[in-house]
Amino acid sequence: MLFIAIVLIVAVALLVYVRLAPSHIEYWHQDPETVKSTGRPNDYRLAGEASIIFDVKQMKLSQIVMDYAGQQDRTELLANTDDGQLFTFIQRSKLIAYPDYITIKIAPHGDGSQLSVFSRSRFGYRDFGVNKLRVDTWVDGIRGLVAGR
């Protein structure tokens, strides 16, 4: 009985830690074009030649990204730059509230702008494609908002 109680206490403590662990901005809020990969199969990056070019100015796309992120469940802004070029969001899983970090860079590109994204899990080793699906979903959603404006 004591063993079960200890296991339950440890499990609850881990769940509380996952939910309340501090997010260090200097670690998570980095340029998706240059930040080092986690080296684990629990991240996904859309950058460089794979980044997306939009036919809207950088500040307008920045507002669209903020609008889109604001519509996402369990998502909050962790940090952004004053120039509207770099945003980092935390999106938590539904059941246990595991945090994933999504960093988006929006840079001027000719008459439009270029969007790069890096999504990664904080805990665990494998994400079963969740970060790739998230990036694809966010890019599609942002494209839809751009087309609607």
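Student: Okay, helices (H or I, at least four residues) and strands (E, at least two) are DSSP runs, numbered from the N terminus. So where's Asp 100?

Tutor: Asp 100 sits in strand S5, residues 99-109. Bear in mind that this is a predicted model, where local features need pLDDT of at least 70 and side-chain atom pairs count only at pLDDT 80 or more, while totals for chains, interfaces and linings use all residues. Residues are numbered from 1 along each chain as its sequence is written, and side-chain values use heavy atoms, with hydrogens and water left out.

Student: Is Asp 100 buried or exposed?

Tutor: Asp 100 counts as buried because its relative accessibility is 9%; buried means under 20% relative accessible area, exposed over 50%, and partly exposed in between (1.4 Å probe, protein chains only).

Student: And which side chain makes a polar contact with Asp 100's?

Tutor: Ser 121's, at 3.2 Å. A polar contact is a pair of N or O atoms within 3.5 Å; within protein, one must be able to donate a hydrogen and the other to accept it, and residues adjacent in sequence count only if both atoms are side-chain atoms.

Student: New topic: how many residues does the largest nonpolar core have?

Tutor: That core has 21 residues, and Phe 54, Leu 61 and Leu 115 are among those with the most contacts inside it. A nonpolar core is a set of buried Ala, Val, Leu, Ile, Met, Phe, Trp, Tyr and Cys residues joined through side-chain atoms within 4.5 Å.

Student: Which elements give two or more residues to this core?

Tutor: Strands S2, S4, S5 and S6, plus helices H3 and H4. Apart from this core lies another, of 5 residues, including Trp 28 and Tyr 101.

Student: What about Ile 4?

Tutor: Ile 4 is in helix H1, residues 2-20, and is partly exposed, at 48% relative accessible area.
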